[in-house]
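Open the model in your viewer and keep the selection tool at hand. The tour goes stop by stop.

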Amino acid sequence: MAFRAAEYERYSGERTNRPSWLPIAFGTIQRGWKSKWVRRVSVLSLVLGFGMMVMMYMINQVVPEWRSITEQAAKHAGQPAFKVDTSYYLMLIQIFVRPILLPLALLFGYDLIASDMRTNALEAYFSRPVTPIGYLTGRTLAFVSFLMLATFGPFFLVWLADIATAPNDEHFAAISHVPIGLFFALLLISLMISLMVQAVTSLTKSATWSNLVFVVIFLFFGVMGPVLYEITDHQQNMMAFSIINVTKVICGTFLGVDFQANGDHMNATPGAAFGVAIGVSAVSFLVIMRGLRKRSLV
Amino acid sequence: MSTKVLELEGLVVKYGSFTALHGVDASFSGGALGLLGPNGAGKSSMLRSILGLVAPAAGSVRVFGEDTKSAGAKLRRKIGYMPERDCFLGGVSCVSGLSHFAQTCGFPKDDAMLRAHDVLHFVGLGEERYREVSTFSVGMRQRYKLAAALVHDPDVLFLDEPTNGLDPQSRMRMLGLVERVSGEHGIHLILASHLLPDVERLCNEVWVLDQGKMKRTATMEELTTAARGAKRVRIDREGAAEFTRCAQAEGMLVDLGRNDGELVVTHPELIVEPENVFALARKAGVPLLGVKDAARSLEDAFLEALEGENEAEPQPDKQRAY
């Protein structure tokens with residue numbers, strides 16, 4: 001590289017007209033990826049999905065009839081027949097939501113806005129052509145992309161393996177809508193979680209306090225939902241206190257799972273679940289915007 | 001007619017019930033402008049309202065002829081802002097943070113990184129560019145903020161107390177950097193400071209603010225040059241009354257100077273030459289200890305501007321002596 005004198009020079013190159021939230025989104029992804037635990041959890045999730053894909057392929061190569069064998073085995077054991085259908089995908093996605101999406105959201109987002117507030121970086125952003133809505137768009141886009149990569153990504157690999165090893169066209173017809181349904185379900189869940197995490201961090205401005213608040217939201221309310229359900233003579237909407245249950249109902253609704261028919265009554269109604277998701281997202285958005293507008297009125 | 005860099009019309013800034021700026025009207029054609037005022041005068045509020053970080057309660061702000069309300073984002077590409085407080089991206093290296101800021105102003109990724117390296121070299125942080133800003137000393141942080149303000153190559157630079165917390169050597173270095181940017185590259189400068197020597201060194205125009213009101217707008221020359229041909233005379237204190245009587249007999253005006261035993265001699269129509277002062281001293285029989293041109297320091301002018309509205313209250317060292 002040529003030696004450059006320590007002298008100021010005017011910039012003579014071209015400036016792009018791309019929106020200012022785009023570099024913020026890329027910057028956020030880079031920042032997230034720098035975190036060791038974010039990398040570990042994301043890679044673990046993708047490896048899990050890849051591993052399941054490989055496993056399904058290999059089983060299919062060794063025992064092509066494995067689907068009917070498992071169904072008959074379950075029937076002989078007096079268990080409900082095992083089928084790779086929408087309920088299976090709902091169960092599978094819960095594996096990704098509980099131990100991966102929620103921890104990843106905390107690891108990725110706990111210090112996103114709080115850090116910018118502590119170091120006064122918001123003033124640096126808003127004295128440039130960045131608006132609060134642009135800032136939030138960039139941050140949330142990156143956040144949601146990360147969550148989607150770690151949840152929808154591995155799940156999609158499993159679905160691909162399932163399709164590739166499908167015994168007949170009927171199976172494909174039964175699960176063809178699954179990726180689209182789960183894409184939108186996970187998009188809504190990721191958006192809700194990412195906005196909620198950012199809103200809490202913008203209020204507490206502290207990583208420790210943020211994490212304590214999330215413990216209350218996810219664990220305390222997660223327990224309170226079923227407790228309220230029981231003591232109110234099975235009022236289904238009480239389950240909407242549990243964010244975990246809300247995510248389950250949203251995924252189930254997008255997949256077309258009939259909880260009542262499956263005998264799984266302990267769930268919030270779809271209306272309540274979507275109401276909570278949209279309500280939490282809207283309130284979080286307003287809280288964040290209020291915090292950002294305090295630092296900028298552009 | 002060339003476009004003015006900055007125009008303020010009836011600018012009012014309020015924080016709740018507190019009014020930080022009371023209907024300020026002023027314009028700046030270009031060059032280097034110093035915003036002077038004591039702490040809490042409204043300097044930072046003015047800068048922040050120009051940037052859109054604070055909403056004006058009334059009035060308008062135009063930068064390069066465009067209203068900041070309608071063209072805020074576009075205008076902020078042309079503005080480099082160095083805030084008083086620390087301001088950086090946490091968890092990333094200094095050069096990555098600057099590159100990121102340049103990208104938000106429309107720089108392509110590679111150009112932004114190159115530019116970040118360049119400005120860090122320029123401010124003397126080339127060797128520290130891969131460190132996080134949180135590990136920097138106060139002086140390094142100030143230089144980092146200057147680099148951050150320059151990284152997107154603005155046309156006008158807003159500096160809010162750029163030499164705060166710096167030791168004398170670092171202060172001179174910082175002023176030197178700003179002087180080079182402003183003087184050699186045609187970047188307009190708006191400097192808010194309560195350190196008068198900084199403003200005197202860098203600026204050619206001054207706005208004096210106090211309690212949110214514009215007290216005076218003038219060029220540095222107007223502020224620091226006294227009445228044409230005035231002389232600052234040092235004489236023995238006991239002979240001051242006789243000297244003044246003789247001067248007044250010649251139609252001259254005599255003011256008390258800032259220092260003990262110092263008088264400022266002016267004539268409403270004529271230039272006061274040293275020979276006139278010597279003659280007056282001979283006539284009064286007073287030994288003359290010194291004569292020099294009565295060019296004022298910026299400090300004199302600044303204090304006069306602040307006292308301007310309180311003329312009814314006599315100031316001990318400024319009232320007419322005789």
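What follows is a walk through a sheet, its helices and a surface patch. Bear in mind that this is a predicted model.

**Stop 1: the sheet in chain B**

Select strands E12, E13, E11 and E14 of chain B. These four strands form an open sheet, in the order E12-E13-E11-E14, with antiparallel pairing. Now pick out the edges: E12 (253–256) and E14 (288–293) of chain B. Each has a single partner strand, so one side of each is left without a neighbour in the sheet.

**Stop 2: strand E11**

Select residues 231–235 of chain B, which make up strand E11. How many of the five residues of E11(B) are buried? Four are, and the strand is mostly covered.

Turn to the E14(B) side. Five bridges join E11(B) to E14(B), and the two run antiparallel. Show Ile235(B) here; its bridge partner in E14(B) is Leu288(B).

Go across to E13(B). Four bridges join this strand to E11(B), again with an antiparallel run. Show Arg234(B) and find its bridge partner in E13(B), Glu262(B).

**Stop 3: helices on the sheet**

**Stop 4: a nonpolar patch on chain A**

Move to chain A and select Met55(A), Ile59(A), Val62(A), Val63(A) and Ile69(A). Together they make a nonpolar surface patch of about 430 Å². Helix H2 (residues 36–62) of chain A gives the largest share, three residues.

Finish on Val62(A), which lies in helix H2 of chain A. Is Val62(A) buried or exposed? Its relative accessibility is 68%, so Val62(A) counts as exposed; the cut-off is over 50%.

Notes: Residues numbered from 1 in each chain as written. Chains lettered and ligands numbered in written order. Predicted model: local features only at pLDDT ≥ 70, side-chain atom pairs only at ≥ 80, totals over all residues. Heavy atoms only, no water. Pairing = 2+ DSSP bridges. Patch = residues over 30% accessible without salt bridge, like charges linked within 9 Å, V, L, I, M, F, W, Y side chains within 5 Å. Areas by Shrake-Rupley, 256 points an atom, 1.4 Å probe, with all protein chains shown as cover. Salt bridge = Lys/Arg side-chain N within 4 Å of Asp/Glu carboxyl O. Buried < 20%, exposed > 50% of the residue type's maximum accessible area, 1.4 Å probe, protein only.
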